[in-house]
Amino acid sequence: MSNRNCPVCGAHWVDGQLYWATGKPGKDIDLNALVCRRLPPEKAERCVNPSKGCDGGIGWEEREKILDQGLDGL
């Protein structure tokens with residue numbers, strides 16, 4: 001079993017699978033959209049996310065749209 005932690009944000013991978021702080025499995029690309037893409041260059045160079053620099057993922061803007069759509073239905 002291999003474990004890896006990001007020295008920048010504290011993200012945690014077990015055997016290549018990202019786990020959120022809640023313990024639920026996550027997607028590297030979503031972490032990238034939420035955190036990694038927003039890092040200043042001096043921190044971004046230390047980021048260990050395999051999806052760092054990739055496009056895609058569900059970021060803050062997308063999550064806000066999903067919530068708004070759900071609230072509109074109430």
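Accessible areas here come from the Shrake-Rupley method with a 1.4 Å probe, and for residues only the protein chains shown count as cover. The model is predicted, so local features need pLDDT of at least 70 and side-chain atom pairs count only at pLDDT 80 or more, while totals for chains, interfaces and linings use all residues. Residues are numbered from 1 along each chain as its sequence is written, and side-chain values use heavy atoms, with hydrogens and water left out.

**Whole chain.** Select everything and show the surface: the protein exposes about 5300 Å², and carbon and sulfur atoms supply 54% of this area. Switch to the C-alpha trace, which spans about 45 × 30 × 15 Å along its principal axes. In cartoon view there are three helices and three strands, in the order β-β-β-α-α-α from the N terminus. Helices (H or I, at least four residues) and strands (E, at least two) are DSSP runs, numbered from the N terminus.

**Nonpolar core.** Next select Cys6, Ala11, Trp13, Leu18, Leu31, Cys36, Leu39, Ala44 and Cys47, the nine residues of the largest nonpolar core. Such a core is a set of buried Ala, Val, Leu, Ile, Met, Phe, Trp, Tyr and Cys residues joined through side-chain atoms within 4.5 Å. Buried means under 20% relative accessible area, exposed over 50%, and partly exposed in between (1.4 Å probe, protein chains only). Of the 74 residues in the protein, 26% are buried.

Centre on Cys47. Neighbours within four places in sequence aside, Cys47 is in contact (heavy atoms within 4.5 Å) with Cys6, Val8, Cys36, Leu39 and Lys52.

**Asn32.** Move to helix 1, residues 28-34, and pick Asn32. Is Asn32 buried or exposed? Asn32 counts as buried because its relative accessibility is 0%. Display its surroundings: not counting residues up to four places away in sequence, Asn32 touches Arg37, Asn49, Ser51, Lys52, Gly53 and Cys54. For Cys54, draw a distance from the backbone oxygen to the Asn32 side chain; a polar atom there lies 2.8 Å away.

**Asp15.** Now go to the loop between strand 2 (12-14) and strand 3 (17-19), where Asp15 is found. Its phi is near 50 degrees, a positive value in a residue other than glycine. Asp15 counts as exposed because its relative accessibility is 51%.

**Charges.** Finally, select Lys and Arg as positive and Asp and Glu as negative, leaving out His and the chain ends. With each charge placed at NZ of Lys, CZ of Arg, CG of Asp or CD of Glu, the mean positions of the 10 positive and 11 negative charges are 5 Å apart.

Notes. Polar contact = N/O pair within 3.5 Å; in protein donor to acceptor, adjacent residues only side chain to side chain.
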